[in-house]
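Here's a quick tour for anyone meeting this structure for the first time.

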Amino acid sequence: FQDRAWYAVDTRGIRPNSLWHSEIDEPESSPEAYEIVLQENQSDPDAIVTIVPFGSALIVLQSRHLYRLQYVAQPLIDASITLTAYRGIINSRCCDVYDGVLFCADSYGMYAYDGSSVDSFSAPVDDFWRDGSIDFSKSKTFHVAVSPAERVVRFFYCTAQDGEYPVRSLCYCLSTRAWWSEEYASPITSSASTAISLKRRHIFGTAGGFLKQEKAALDSGATAIDYEVRFGNYPVDAGPSREVSVLYRPTDGNLNLALRYNGSTAARPNAVASSRGDGWTSAQGDTVAVLDMRSDRSPLGDAPGEATARYFGRADDRSAGADRHLAVGLSGSKATTSSEPCIHALTIQG
């Protein structure tokens, strides 16, 4: 930071709030006397967790406090440290900087710091922190990553049922302010943003290789990657029919469609088997309808990239067994580069 190497986080606990710096352009020259002590006056003992270069300032993050350090030329002489927010960080990897904003996760939730104010944007999902869904005993492997191409902030965390490394994340879209959760077939151990062919991409590390952000292609040579997307509950109207349409790019793979009624975590089995020749097939008792997304599935010619799955049911208020809400789930498996799924639109009627 400003041509000096900065050091912090005394793991011995002797100087938990001390920072050291080097001479200009000499990272190895860091005398013990070059020490700046972060003075605490909050009646709340805390310790430095990480330091983050942020524009013209160095952000000093504790578990529950955020400080801003600035200086002109000589830190020992003209450095100023200001308490900016009563928010902190879980570990040194639970932060990322994107578009001039610092995104962090602490023991209260997630927040964004733009250099002057704090935005606690995780209010819609704060129950994950309050109800014990997050297992903080495994917090040393948690991390935060921002995908520039998607404009999505991801918080990778573990539950009590998970292993040591995260296999799930909470995701926040900066463009739409929408939240959703993701689960992964392999534990995500780390992540980093880098430039590849002049494009900014995010790469996720696993025990066996790397996951590229844009195409989710596993570089370790795995043959398939399973995916699943589940949407929220939508009210069911009194119409006689229900339809789910997808607009897609034809590929070599199949798309599975599952319906979950009335907030159920399990998909409802098909009552009858059907195959209308429109690409969708369903087997009796199975919990999904399968769409063959190949363009040459029919001998009559290339199939268009649009298909509608048709269902029937009732939504009568006078019937105790009528369905009230419906959630749609899409899933499949990406085996090769040519079978990469691309869904442009999802339309739900009824």
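R268 lies over the face of Y261, 3.9 Å from the ring centre; a charge counts as sitting over a ring if NZ of Lys or CZ of Arg is within 6 Å of the ring centre and within 35 degrees of the ring normal. Keep in mind that this is a predicted model, where local features need pLDDT of at least 70 and side-chain atom pairs count only at pLDDT 80 or more, while totals for chains, interfaces and linings use all residues. Residues are numbered from 1 along each chain as its sequence is written, and side-chain values use heavy atoms, leaving out hydrogens and water.

**Confidence**

- The protein chain has an average pLDDT of 86, and 91% of the residues score at least 70; pLDDT is the predictor's confidence in each residue, from 0 to 100.
- Residues 214–221 have a pLDDT below 50, and beyond near neighbours in sequence this stretch makes 20 contacts in the model (contact means heavy atoms within 4.5 Å).

- Four strands make an open, antiparallel sheet in the order 12-13-14-15. Strands (E, at least two residues) and helices (H or I, at least four) are DSSP runs numbered from the N terminus, and two strands pair if DSSP finds at least two bridges between them.
- At the edges sit strand 12 (143–147) and strand 15 (179–183), each pairing on one side only.
- On average, neighbouring strands of this sheet are turned by 25° against each other, direction ignored; the axes are lines fitted to C-alpha atoms, for helices over the stretch in contact, and angles run from 0 to 180 degrees between N-to-C directions.
- Strand 12 and strand 13 (residues 152–157) pair over five bridges in the antiparallel sense, with A145 opposite R154 in strand 13.
- These two, strand 12 and strand 13, form a hairpin with four residues between them, and R151 in the turn has a positive phi of about 60°.
- Strand 12 is largely enclosed by the rest of the structure, because five of its five residues are buried (buried means under 20% relative accessible area, exposed over 50%, partly exposed in between, with a 1.4 Å probe and protein chains only).
- On one side of strand 12 you'll find H143, A145 and S147, on the other V144 and V146, all buried.
- In a regular strand, side chains alternate between the two faces of the sheet.
- Strand 14 (residues 168–173) and strand 15 also pair in the antiparallel sense, over five bridges; R168 has E183 in strand 15 as its bridge partner.

**Aromatic rings**

- A search of the whole structure turns up 14 aromatic pairs. Rings of Phe, Tyr and Trp (its six-membered ring) pair if their centres lie within 6.5 Å; planes under 30 degrees apart count as stacked, over 60 as edge-to-face and the rest as tilted.
- W6 and Y71 are a tilted pair, because their ring centres are 5.8 Å apart and their planes stand at 40°.
- This pair links distant parts of the chain, 65 residues apart: W6 is in strand 1 (residues 6–7), and Y71 is in the loop between strand 6 (66–70) and helix 1 (75–78).
- W6 counts as buried at 11% relative accessibility, and Y71 is buried with 8%.
- Y172 and W179 also form a tilted pair, 5.0 Å centre to centre with 40° between the planes, and both are buried.
- F128, W129, F136, F142, F155 and Y157 are linked into a cluster by ring pairs.

**Positive phi in loops**

- R177 isn't a glycine, yet its phi is positive, near 60°.
- R177 is in the loop between strand 14 and strand 15 and counts as exposed, at 59% relative accessibility.
- N262, not a glycine either, has a positive phi of about 60°.
- N262 lies in the loop between strand 21 (254–261) and strand 22 (274–275), partly exposed at 40% relative accessible area.
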